[in-house]
Amino acid sequence: MLTASCRGLRLRNSGAVLRRVASELPHVRPSLTTKRLSQAPAYYVTTPIFYVNAAPHLGHVHSAVIADCLYRYRTLQGLGCRFATGTDEHGLKIQQAAAAAGKDPLDFCTEVSSRFKEVFRSCSVSYTDYVRTTEDRHRRAVEHFWTVLLNNGFIYKGSYEGWYSTPDESFLTPTQVTEGTDSLGREIKVSTESGHKVEWMKEDNYLFRLSDFRTELQDWLKANPKAIQPEKFYHLVLQWLENDLPDLSVSRQRSRLQWGIPVPRDPEQTIYVWLDALVNYLTVAGYPEKHSQWWSGVHHVVGKDILKFHAIYWPAFLLAAGLPLPQAIYVHSHWTVQGKKMSKSLGNVIDPLERSHTFTVDGLRYFLLRQGVPDTDCDYDDDKVVKLCNSELADSLGGLLNRCTAPSLNPEQVYPQFCDTSFPKVSEGLSGRAVLEDHKMVRAVSELPAVVMENFENLHVYKALEAISRCVRLTNGFIQRHAPWKLNCSEPKDRLWHETILHVSMECLRVYGILLQPVVPGLADKILSRLGVRPNERSWDHALDFLSKHEGRDCPYEGRALGPDTGVLFNRLERNKLRAHSKKTGKPPRPQWFDKIL
């Protein structure tokens, strides 16, 4: 993983910029343009690749679910989409962990990487590509990328001296180091950000001319204010760029770090783990031969702790290699437990696999995206999951589906007819049986896709879900207000009104089902299947065609048989069962591998 800033460290240029014969090396003329493509021909979204030094935790799943949501959302819009995730498997930390476990490094990485796959599968993360930095295709991409940077004159041999954190795989400036104590009470130097121990190191290695790109990065961001979202993090990066950028160490001596990709034509050096890791995004896109289509539409999802690596170092590398910059970098904050960072030593690490079994896959996904505010850290609590899912999924959304499809209200089990006499347009006055509140609800639902789209675009998924939940409550209020169970359906006018109430409610529910597909794909499928909505009728455009009979158009669903009743949409979660298990065992159940010390 890429280094922190090297400001304040002592660099001694060897005086010789290492260049190779042009005929022997790939050479790409650097393009320092800051223009982005106005329209990407394809949509490519990535998570960070996750370091295999620990078991998957809630933060990893949060990143993956956000990216999965964006991928599904763009797919619904009809774009060609690609979604990549994977594992970062090189570095001194992995080398040491494998040795401590008495395992071959590759076997060690394969074991942990398979656990990430297992967790992602359990959380319905529908990635199209899974990359590992130990793959041959990635090694080839990294070697080519390094050679391009070198041949373009942006990598040189020098001497590095400064603080280094092995757990963070990061170089630190003096301002990022403070006093601390180890487990025995001895005074040590630690990182101010992570609290991990740091050591002073001095070695000859390769350096990247990061200092050349400060102005170009500023120009890029000022010309593209949506390049980093949410806005809070965009301004943070601009603030970082107000200071000079020192050149960056991009290799380690092979004698110190063997578990990594050797520097091309210099077997005494290993490519630094963060440069290695960042190239994974290009690897999946098909670099260096077939990357142009997908790379022009790349969007990164990252945690705030690795923002500097993705918003400063990575764009600088790309500029040096003559490659387009990302379309957007979406940044999210972290989950805490009782206000504290998750830590194995504190025993407060949340196991996402166990929680996906306890709260269901869609229950956990809904909670993470509904409560996860990207701008600020959020606090995780099991009771919060129970309360939210019961209120919004079981009671509100599930209750609405049950009301619309219950045989007692819909004995024919069909998508009912709409009567424009009972529910005329508001411009025709309140001559029917619909009241002003009903027209306000229809207007809110008709505007809902645009509201959801705007918030998805800005990574405010929680606001999109808040808007959907508000409309679900309005629709339940509509049914409650007119009480169709009280109507005498033997009377023609009452029967028409009864069917119209159900038709309007089902149309609302159909829109909710379509819009919820990126967030809770399982529940959305149950809703749409129960309503008889076919797979080819679930695109984003179908959500825009709301209440077509009210607008004088034909409704393709009217009179169609409903799908089979598969039972309750979402079973209420029981707090007592969860508490009883925790009280009995002292902790929630989780797989044995989760407790291994890696």
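At what angle do helix H15 (residues 461-482) and helix H16 (residues 492-515) pack, and how far apart are their axes? The first legend gives the answer, after a note on the model.

The model is predicted: local features need pLDDT of at least 70, side-chain atom pairs count only at pLDDT 80 or more, and totals for chains, interfaces and linings use all residues. Residues are numbered from 1 along each chain as its sequence is written, and side-chain values use heavy atoms, with hydrogens and water left out.

**Figure 1. Packing of helix H15 with helix H16.** The two helices pack at an angle of about 170°, with their axes 11 Å apart; axes are lines fitted to C-alpha atoms, for helices over the stretch in contact, and angles run from 0 to 180 degrees between N-to-C directions. H15 is therefore roughly antiparallel to H16. Angles under 35 degrees count as roughly parallel, over 145 as roughly antiparallel, 65 to 115 as roughly perpendicular and the rest as oblique. On the H15 side, the contact is formed by Ile468, Cys471, Val472, Thr475, Phe478, Ile479 and His482. They meet Trp497, Ile501, Val504, Ser505, Cys508, Tyr512 and Leu515 of H16, where contact means heavy atoms within 4.5 Å. By class, this contact has 11 nonpolar, 3 polar and no charged residues. Ala, Val, Leu, Ile, Met, Phe, Trp, Tyr, Cys and Pro count as nonpolar, Asp, Glu, Lys and Arg as charged, and the others, Gly among them, as polar.

**Figure 2. Crossing of helix H1 (residues 58-76) and helix H12 (residues 361-371).** The axes of H1 and H12 come within 10 Å and cross at roughly 90°, so the two helices are roughly perpendicular to each other. H1 contributes Leu58, Val61, His62, Val65, Ile66, Asp68, Cys69 and Arg72 to the contact, and H12 contributes Leu364, Arg365, Leu368 and Leu369. These residues divide into 8 nonpolar, 1 polar and 3 charged. H12 is mostly covered, with 9 of its 11 residues buried; buried means under 20% relative accessible area, exposed over 50%, and partly exposed in between (1.4 Å probe, protein chains only). The buried residues of H12 are Asp362, Gly363, Leu364, Arg365, Tyr366, Phe367, Leu368, Leu369 and Arg370.

**Figure 3. The buried side of helix H6 (residues 231-240).** Phe233, Tyr234, Val237 and Leu238 are the buried residues of H6. They lie on the same side of the helix because they cover an arc of only 145° around the axis, the arc being that of the directions from the helix axis to the C-beta atoms. Their cover includes helix H5 (214-223), strand S11 (228-229), helix H10 (307-320) and strand S17 (328-332). In the loop between S11 and H6 lies Pro230, which is joined to Gln229 by a cis peptide bond with omega about -5°.

Figure 4. Ser113 counts as buried because its relative accessibility is 2%. With neighbours within four places in sequence left aside, Ser113 is in contact with Val52, Thr87, Glu89, Tyr130 and Arg132.

**Figure 5. Backbone geometry at selected loop residues.** A cis peptide bond with omega about 10° joins Tyr287 and Pro288, and Pro288 is found in the loop between helix H8 (280-285) and helix H9 (292-295). Arg265 has a positive phi of about 65° although it is not a glycine. The loop that holds Arg265 runs between strand S14 (262-263) and strand S15 (266-271), and Arg265 counts as exposed at 53% relative accessibility. Gln413, also not a glycine, has a positive phi of about 55°. Gln413 is placed in the loop between helix H13 (382-405) and helix H14 (436-457) and is partly exposed, with a relative accessible area of 21%.

**Figure 6. Two buried cysteines, with totals for the chain.** Cys123 counts as buried at 2% relative accessibility, as does Cys378 at 10%. The count of disulfides comes to 0, a disulfide being a pair of cysteine sulfur atoms within 2.5 Å. The chain has 19 helices and 20 strands; helices (H or I, at least four residues) and strands (E, at least two) are DSSP runs, numbered from the N terminus. Of the 598 residues of the chain, 57% count as buried. Among contacts in the chain with a separation of 6 or more, 79% are accounted for by residues 24 or more positions apart.
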